Amino acid sequence: MRRWLVVLAACGGGPKPAADAPAAAAYTAHSSSIAISSDGASVYVVNADADSVSVIDTQARALRSEILLAPAHPAVDDSGAYTPAVMPRALALSPDGATLYVTGERAGAVFAIDVATGAVGAPIAVGSEPIGVVVSADGASLYVACSQDSTVVKVDAASRQVVATAQVTGEPWALGFAPDGSLAVSIFMYSGVAGAAVIAIDPAAMTVAAMWSIPDTAPRGDPRLAHGQVRGLYDVATRPGTDELWVAHLMLGTDTAQPALNFESTVFPSLSLFSGGTYARTLSIDAQDVPGIDGSFADVVSGPHAIAFTPDGDFALVADTASEDVLAVDARGQVEAALLRPLPGHMPEGIALSPDGTTAYVDERNTADVAVIAIDGSAGIALSLQGAIARLAADPMPAQMRLGQHLFFSANSDEYPITQNHWVSCASCHLEGRSDAVTWRFAQGPRDTPSNAGGMIGTGFLFRTADRTQVQDYWRTINIEQGGSFDSTAQADLLAALETFVDHAMPLPIPPTTDPAKVARGMQIFNDPAVACSTCHSGPRFTDSGAGNPTLDLSGPVNLHDGTASGLGTCVTTGYPDVAHADIDGDPRAACMFDTPSLSGVASTPPYLHDGSAPTLHDVLEQTRGKMGDITSLSADDEDALVEYLRSL
């Protein structure tokens, strides 16, 4: 018989009894990709890949309308790229139900939609890559998390103008009102420090009131026991009727080195709980096959993305993007209560419950539909699938790209051999197709996770020491790190779809807001031959990788650069060192000769260098002073300008 225990040691004892719980917070809204009207008649869901919002009639279980946020749906351009102009990511209804606010990640704006007419107001410019959005209880203000600017902005609903801005550290992602009335902001990536954080903002003053930290969890012996660095804080939500704030995230087991590092010791799905603003505990999965150890979740799930509570707060329903399921957690006992898998579609990113708590609606982004789930709470909780509702009249994303998107974000091993037992997807480490801001102990040495955003075309060789040449080569990563069983010949069509998506439908980040004067000055410095940045970081993708070797012959010249103390000084020789190894074809690669990375979208990929040893771009410049060009002569102002230029790329 399974013993139901919280997987990690708690701070401050066990769950608070219901009798001791405070009165329900007056307003517990949180950002989501899907929302439901107060009467339960309409469901609203963003179509990130179609630049639209769909309105679904819950009675007819049919698409009522699709509201376009751009002049037209996205389409493949002459270069083969598919890039949404708006990419809506989250939405929030005003308390009176009259206005729907939608963030546009690539538009840098919030869109206000008149619910009655479907009319879209003029975009409200808020900052770079807005994600989460919530509306105050009185409807007077909305709050938006601008991930690339590290800001949370307050917008006056009447004037539709930004009236205040709070600066935070890291990438703000999800927003929710905490039990004490403060605005809780999940920091998606928070590199350079231990642990991760939810930041509390005073919504009236727009000042940071507190930082609620989620600690990293140290190894606990067997590497399959849930532990690691906290990353990917996708959602934050208040449990009704309590002082608890719940956060959905990952833990990454970066302490384990290859070959011991495998699919079940790499990434762990987690829910962290705060009580009264104090970290309480983290819930995670069983250590499979480790005798005497039980986690909070009996089943392996992966990629927790969104949380929705039943109205009484007794159960949390979690949409898991990678394992493609909905996990029900007994919120009082803090253990798994039910699991619904498989879902009818792919890539679940949001979940919303009907006002009476009897039905859940799940945003299935990849298949452009909404799954409908019946909730039976008569004895515990039981989930049953009621079908799916198509939400697009026609999908503008080509089928090949959709398949590649599914493969990249899915850990559904029942469907494709991309992992074992629903553990790891490509997106488990390449969060949002970018980085996870950690350094892994790979066989070649310590390796920071690079971004896939913008695709691999034009970046030359792949891997830090030019070990591969194309996305299709990553079947080896799937088989080694993810525990998959890909056959590169028999399943070449799947690898081709994966390549098409990564190279053509994963756009570069929108750069953070920068100072134009500083950027212009920084570009001059970057291109100054004496400083020598552009000597190696050249061309459209700012890399000389593959220069002089257009066919990317792995046995030919690869333009590797000396990373020893006499070179750039980036080679790791102590602790867990860089080592000599072979590329994918068996050609030798020296331990400390490195490929030039692309600088496209570099602002979104801290920490830096192949081993992640430089937390910021300033640290990169300081670490390489005297080892490349004339950086030693740069003044502090010059260095600031150079960094501002790099941030603009």
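**View 1. Residues of helix α4 meet residues of helix α7.** From α4, K518, V519, R521, G522, M523, I525 and F526 take part, and their partners in α7 are D638, A641, L642, E644, Y645, L646 and S648; contact here means heavy atoms within 4.5 Å. These residues divide into eight nonpolar, two polar and four charged. This is a predicted model, where local features need pLDDT of at least 70 and side-chain atom pairs count only at pLDDT 80 or more, while totals for chains, interfaces and linings use all residues. Residues are numbered from 1 along each chain as its sequence is written, and side-chain values use heavy atoms, leaving out hydrogens and water.

**View 2. The axes of α4 (residues 516–527) and α7 (residues 636–648) cross at roughly 100°.** They come within 7 Å. The two helices are therefore roughly perpendicular to each other (65 to 115 degrees).

**View 3. F408 and F409 form an edge-to-face aromatic pair.** Rings of Phe, Tyr and Trp (its six-membered ring) pair if their centres lie within 6.5 Å, and planes over 60 degrees apart count as edge-to-face. By this rule there are 15 aromatic pairs. For F408 and F409, the centres are 5.2 Å apart, with 65° between the planes. Both residues are buried (under 20% relative accessible area, 1.4 Å probe, protein chains only).

**View 4. Y474 has F463 as its ring partner and the charged end of R468 over its ring.** The ring centres of F463 and Y474 lie 5.7 Å apart and their planes stand at 70°, so this pair is edge-to-face. The charged end of R468 sits 5.1 Å from the ring centre of Y474 (the rule: NZ of Lys or CZ of Arg within 6 Å of the ring centre and within 35 degrees of the ring normal).

Notes:
Axes are lines fitted to C-alpha atoms, for helices over the stretch in contact, and angles run from 0 to 180 degrees between N-to-C directions. Helices (H or I, at least four residues) and strands (E, at least two) are DSSP runs, numbered from the N terminus. Angles under 35 degrees count as roughly parallel, over 145 as roughly antiparallel, 65 to 115 as roughly perpendicular and the rest as oblique. Ala, Val, Leu, Ile, Met, Phe, Trp, Tyr, Cys and Pro count as nonpolar, Asp, Glu, Lys and Arg as charged, and the others, Gly among them, as polar. Rings of Phe, Tyr and Trp (its six-membered ring) pair if their centres lie within 6.5 Å; planes under 30 degrees apart count as stacked, over 60 as edge-to-face and the rest as tilted. Buried means under 20% relative accessible area, exposed over 50%, partly exposed in between (1.4 Å probe, protein chains only).
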